Amino acid sequence: MTDEEVISRINQLVAEEHELENSKIGEGLSADEATRLRAIEVGLDQAWDLLRQRRARRAAGMDPDAAETRDVGVVEGYRQ
């Protein structure tokens, strides 16, 4: 996956996230919608992590294509 493809995926997920959130203003999300929103958030975390890996590998003179999407437990375990 190229940087452009990762960025495109991020943009798709952000658009879906905003659409879901904006469609339910004042109503609250159903259980299924809340589950989907959480999946979107996780997908965004993974995509941003992959993009950061690719950029770091490139900056270090390494092959950015060797970067891989990390497991949910890894990206969700980062300390803020």
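**Salt bridges and a nonpolar core**

Arginine 36 counts as partly exposed, because its relative accessibility is 35%. Keep in mind that this is a predicted model.

Who is the partner of arginine 36? Glutamate 16 forms a salt bridge with arginine 36, and the closest N and O atoms are 2.8 Å apart. Glutamate 16 lies in helix α1 and arginine 36 in helix α2, so the pair ties together parts 20 residues apart in sequence. Glutamate 16 is partly exposed too, at 30%.

How many salt bridges are there? The count comes to seven.

Take another one. Aspartate 49 pairs with arginine 70, with 2.9 Å between the closest N and O atoms. Aspartate 49 sits in helix α2, arginine 70 in the loop between α2 and α3, 21 residues apart. Is aspartate 49 buried or exposed? Buried, because 3% is under the 20% cut-off. Arginine 70 is partly exposed, at 33%.

Next, arginine 54 and aspartate 65. Their closest N and O atoms are 3.0 Å apart in a salt bridge. Arginine 54 is buried at 5%, whereas aspartate 65 is exposed at 53%. Shared partners join Asp3, Arg54, Arg58 and Asp65 into one network.

Now the core. The largest nonpolar core has eleven residues, among them Val6, Leu20, Leu44 and Ala67. Helices α1 and α2 each give two or more residues to this core. Helix α2 gives the most, with six. In general, nonpolar side chains in soluble globular proteins tend to be buried together.

Leaving aside neighbours within four places in sequence, leucine 51 is in contact with Asp3, Val6, Ile7 and Ile10.

Technical notes:
Residues numbered from 1 in each chain as written. Predicted model: local features only at pLDDT ≥ 70, side-chain atom pairs only at ≥ 80, totals over all residues. Heavy atoms only, no water. Core = buried A, V, L, I, M, F, W, Y, C linked by side-chain atoms within 4.5 Å. Buried < 20%, exposed > 50% of the residue type's maximum accessible area, 1.4 Å probe, protein only. Helix = DSSP H or I, 4+ residues; strand = E, 2+ residues; numbered from the N terminus. Contact = heavy atoms within 4.5 Å. Salt bridge = Lys/Arg side-chain N within 4 Å of Asp/Glu carboxyl O.
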